[in-house]
Each structure stands twice: as C-alpha cells, then as structure tokens.
Amino acid sequence: MPDTMPETSTIPAAFNPAGSLRASLRRAEWRHRVVAFGLAAPLILFLVVVFVIPIIQMLTAAWVDRSVVDAMPRTAAAIHGWDRDGLPDEPVYEAIGLDLAEGQATRALAGPARRLNTELTGFRTLILGTPRQLPEETPESWRDTLIEIDARWADPGHLVTLQRAARATTDYYILTALDLQRNQADEIIRQPPEQRLFFSLIWRTLNISLSVTALCLLMGFPVAFLLAHVGGGLRNVLLILVLLPFWTSLLVRTAAWIVVLQSEGIINTSLLTMGVISEPLRLIYNRAGVLIAMSQVLLPFMILPLYAVMASIPPSHMRAAQSLGGRPWFAFRKVYLPQTLPGVAAGTLLVFMLSVGYYVTPALVGGGGDQMLSYFIAFYANETVNWGLAAALGTVLMAIVLALFVIYTSLFGLKNVRAG
Amino acid sequence: MSRLALAGAALIGNALLVTSASADSLTIVGWGGTSQEAQRIIYFQPFAEERGVSITEDEFVGGVGILRTQVVGGAPTWDLVQVEDHELQLGCEEGLFVPIDYDQLDYAPEEFIPGAATECGVGAYVFSMQLAYNADRLDNPPESWADFWDTETWPGTRALRRGPQYNLEFALIADGVPVDEIYDVLGTPEGLERAFAKLDEIKGDLIWWEAGAQPLQMMASNEVVMTSAYNGRISTSNREEGTNFVGIWPGTGYAIDSWVILEGSPNVELAHEFISFASHPERQARFPEFIAYGPAIVAANDHVPAETAPLLPTTPVNMEVSFQMDTAFWVENIESLTERFDRWVTR
C-alpha cells in the first residue's frame, strides 16, 4: 500500500494532514480577525472622525495659511521674486493695487487684513484703508500712488511681512508659539525679551499641572487606601462621596470655591474667630486658589484608578511580609507600594493630561498671572479668529505632552499603566 | 481649516438638526441671562403672536469664530444674532452678515443713536462699563476714575475686567485725559506706555474678574473696595437682590450691541420685520424695566420712565460724560494688546 500512496500535492487539502491543519488554522484565525475588526470598526471609524481627523486639521492649520495667497493672487506671484534689495519694482506694486481694488469689491480682504495684522499690527488699516483711496482711473505709477496713499507701502518691514505671508505655507505661527521670529535676513532668532510670551506661558501651564498632579497624588493616595481597606457598607458610602462631585457642574463647583475661599468666606472667618490669624488670608484670585480648586475637581480621577489597583492587591501580601519579619512601614514600602505603581501611573497621567487643558477654573479663581495656555488658545480661536496661532499653540502643547508621556512610560513601562 | 471638511461637517450637522429655519420660523440668538429673558418677554413672544411665526431661541457666548463656522457651511441654523461691536465689524468685513436694507425697516438710520445704524447691523441696546462700589460698605463715595487710583483715601483691593479693553481707557482718564481725547492718546505708542504705567501704580492692589457676575459678588462679599462692572447688572442686582451698589457715570465706557442677519439665512425679510418690531421706541423703552441697558433708538428716550432714566447709558446727561468704545481701534489692536497685557500682568 505505501507505494500506491498518492503524492501530497494531488490530495485535496482537506485530506492532507500537515498542510490542511496549518491552512485551516490560518483560515480560522483570519475569520476571527475579520469578525473582531468588524465589531470594532464602528468605534475605529468614530475615533478617526472625531479624533484623528480634527487633530490632523489642527496640525495643518498651524502651518498652512492661504488667506493672502487666495485673496491676493497677483501679489503672491509678483512679490515672490523680490530680492529685498531696495523697494520692489513697479509690477509688484501694480499687482498689489489691482488685488486691493478687486478684493474690496468682492469683500475678500478681511482674511489677508487679519492675517497680516497678526504679524504686524497696523496692517489691517493698511489693507482695508488703501483701496478706499485708490483713484478711479488706472494710475501711471502704482508705486508712487500707493506710497502716496500710505508711506508704509515703502517700509521694508511691511513688505517683507507681505512677502512671507504671500505663500501657502508659513512657519510664522509655530515660530511665534515658541517665542521665535525671523529677522530681515530670514534667520530664526529669539524674540526680544519684551515680546516673549508663550514660552513662559507653556512653562506656567506645565508648572500648574505638575503641582496639581502632585497635590492630587498626596491627597488621593490615603483616600484610595482607606477605600480599599474599609468594610463594605462604609466603602460604598465613601465611594459615593468621592463620585458626588461628578454630579455637580464644574462651574457650580468653581463658584462654590469662590464662596469658601474669599476674604469673608468660611475658611477666613473661622480662622479669624479662632484667633489663628489676624488678617484674612488671600486664598483666591491667586495661584493658591487655582491649585486648591483644580485639585478638588481632579481628585476623583486620581482616587479611582488608585483604588481599583489597591483593591486587587491581596491583603495576604502585607500579612506575609510582616510575618516574615518586616515591620509595617518596611512591608508597606517594599511590598505594597510597588504594587500600587500601575495605579499611580494611571492616576497621575490622567490628572496631568486633564489639568493641562483646563482654563475655565483658573480664569475664574486665578490671579492675573495664572492663566494657562488653553485660555490663550480659546482666545485666538474665538475672539480674534487667529486659527493659525491657536493651532500652533495646540500643536506645541500636544508635542510637549506627548514627549512627557513617552518619557513617563519609558520610566514606568507602558503596559504597567493600569487602572485596575 | 479645510473649507471642504468644514462644509461637510456643517452639512452633516444640518442634516442631523431638525429645526433648520423654515419659512414660518425665525431662529434668534441672544446672550442668555437677564437680557435674553427681557428680549423674550418684550420682543420674541409678542412678535411670534402678532406675526404668527414660531421663534426658536439660542444663546451665543461671543466670538466671530462661531459665526464664521455657521456661515461657511452655507446653511446657517441661526437667522438673527445679537453681536458686540467688534464682532459686527469683523463679520461685516468678512461678508458673514447680510447688509441691512434700511428701506425694509420702519425706521431710518438717523432715528438711531450715532453708531447704532451700520451697514450690517442695527443697534439692539447700549450697555456700559463703569466704576462701581458698595454704598453699604463705603462712607465716602468715589467720584471718578482718579479716585479708583487713590489708594490712600480708599485703601484696599480693586477689581478690573481681565484684559486690556476698558482698562487702558480708564487708566488714561484717571491720568487726566478728557473722555473725548482718549483714543487720540491711546493710538500713539506713548499713550499706550502711559496707560500701562498708570495701571502699574495700583497693580499690587488689583484682582481680575472674568464673568459679568463676579464684580457684584466681589462687592457683596467685601472682597474689593471698588470695581469696574456692567451698569445693567448693577441695577438688576439692586432691584432684585436688594443690594446697594452704585455706579458712577463720569468716565463710563459704552458700547452698542447690534442685531445682524447671517449670510445664507432663508428668512432675510422676516428678520428685517423683526428688527423693525424690536426697534419700536415704546418697546425699546420697556427694556430698562428688566435690565438697565439703553435703547438704541433716540425716540425711546421720551418713553423711558423718569426713575429709570438716570440709570441708562443713553440718557443725554450720562452720555455727555461717557465715551464710546472705539471698535476700529480694538479690532486692530486686541491681539497685540492682549499679549502685551498678559506680559505686563505676569511681571
């Protein structure tokens, strides 16, 4: 019989012992994967639409700005070739004049006016005011006409700004977000000290976020420990108390803090009546108010992951450590604490990420110098419609937070960040 | 932002929203709170009854960005919006608003107070920012912005609205600049230096408020000895909560909020009818019953009750000592001056 056994390749796959197993295993795995992907597909699509796409748009808005290129196309083409040696030639001025005249009629000048005004204050009146003073007939020399209307058309600073802005992409927003600028020779230099703003703003934001995270950890760890070690009924009550703030609006909580912390508020009046202080403490409208209010708001985000991790640590570990001769504090430090680290990592990460984006609470209870970066992002996005700078600041913030995340998880190990 | 993606998102949004403006309905957007409540009672409900249309309300927190997003999609869900002066100017320049056809209105531009009848908007009301103090806590009342700066006679914390707006003007007034010359001075680099240097004098005693209700809270709880505050909120608080806040008129800064019609709205004619309805002098004169904002139409001054007239920014004797916020100046300089303000306040 062995010599009449047909060769492997002519036997149908289903009958082939070695090959069919591999193939059918692969098919089964493939089916599993397809089913799993199909189940997850709506969520992936949702994440892509509401998360990935807006982030990509934000990153794009930070360096793509076509407001001048689209509204003043002739100028963009003509000024591109200017070598900045002396004033531009007549064709450039003709292009500017024609674009301004046409833009005024089509109401297209608001975009470039806003964009150029951001780079150089005063440009707005130059762009919007000049067309109103253009003569009816085509002038002989556009250059003389424009310079006569406004001397700024002969100013190299204004013209260089126009040349840089008359491109589809720009690095102005990203550079400004980092307190950098380009000088006349197009080198990147730091802005003069009296103009620097965002570096200190970013530093302040990180500072406040780190402080709030540390405070939350300090206050949250004992509470989570208590929750994990207390009996059923009491634990439920405590858990509800931890979760209760979530059911109140954030603004209500912030307003409540104003009532508690103000000069004639609960804290100050009780300390005054007890004689601990003689003058009311300034607890609000300064950094203290921001830290207190934000810590209280973000505390549950620290407590819950910590509690979840602590609840999964078997109590027998501590007993075993002590029965082996370790004193309570030693056992805690060497046995219990390391096991809570995943919860600590998750909690601190969560609180830090959240506090970096806060701006309503610091705006209401903070002092003049306590505004965080998101306040300015909101200001540029909503008030001045400077989406480029808002996007650039958002990009910088995101990059910093990502960098911190990478450093953090390489210290802790990514898979060691757990919430239970 | 990609216009295509924005338009796509707006289209999806509109498909999901059931109430797109239809022929018999108008979506009007106000600023919420007491002012919108007053508008509802005086304008929206009577207009709906009289014309047999349905009015949908919404609230607006400010910012041209939101209006731009509405219009860019091509089918805005809002018809009429009440905007501030800078939003009016920016939106009009960008073509976000339908130019007002004054032939369709019942009132000619000259019948409104100066600055209220503009290319893209019609004045809704006039509000103002003034020096305020709690008369229950202060025996000797301040009488001008120079007194705000006088920390010897009136020691203690003061509050101002966070940001450069209003505060630079108040600083110049305290430094002796007459109200009608403020923007001539402020328009020069030396003028700006002067304003910031003046603010520097009391910087240590200043705290900053963000929301309109905060200065009232600060005065009530004796957190501050004086503050800037919106005049309408002061009178509402006095009337409804029994407080004894006083706002002084010399050196008050006022601004006009206007009705605008968003470009792309299908109800332009109905919107014009509403604006006529809302500009009726007798109706405008009812607004101060709820909140002490001034009417934008001059004839309304004849119908305002005598006891409310002193509280309004538009009463002639008050307007004489006040200044109008210069929209053009702030539109051009709000960005650079806000950045400069933040640098100054952090130092």
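Predicted model: local features only at pLDDT ≥ 70, side-chain atom pairs only at ≥ 80, totals over all residues.
Chain A is divided into three parts: domain 1 spans residues 18-61, domain 2 covers 67-170, and domain 3 runs over 198-416. Taken over C-alpha atoms, the centres of domain 1 of chain A and domain 3 of chain A are separated by 35 Å.

At the interface between the two chains, 32 residues of chain A are in contact with 30 residues of chain B. On the chain A side, two or more residues each are contributed by helix 1 (17-61), helix 5 (110-119), helix 6 (123-129), helix 17 (360-365) and helix 18 (373-383). The most is given by helix 18 of chain A, with 4 residues. The side of chain A that touches chain B comprises, by class, 16 polar, 12 nonpolar and 4 charged residues.

Within chain B, helix 2 (residues 33-51) packs against helix 11 (residues 268-278) at an angle of about 120°, and the axes of these helices lie 11 Å apart. The crossing of helix 2 of chain B with helix 11 of chain B is right-handed. In this contact, B:Tyr43, B:Phe47 and B:Arg51 of helix 2 meet B:Glu273, B:Phe274, B:Phe277 and B:Ala278 of helix 11. By class, 5 nonpolar and 2 charged residues make up the contact between helix 2 of chain B and helix 11 of chain B, with no polar residues.

Notes. Residues numbered from 1 in each chain as written. Chains lettered and ligands numbered in written order. Domains from an automatic or database assignment. Contact = placed C-beta atoms within 7 Å. Nonpolar A, V, L, I, M, F, W, Y, C, P; charged D, E, K, R; others polar. Axes fitted to C-alpha atoms, helices over the stretch in contact; angles between N-to-C directions. Left-handed = near helix turned anticlockwise from the far one by under 90°.
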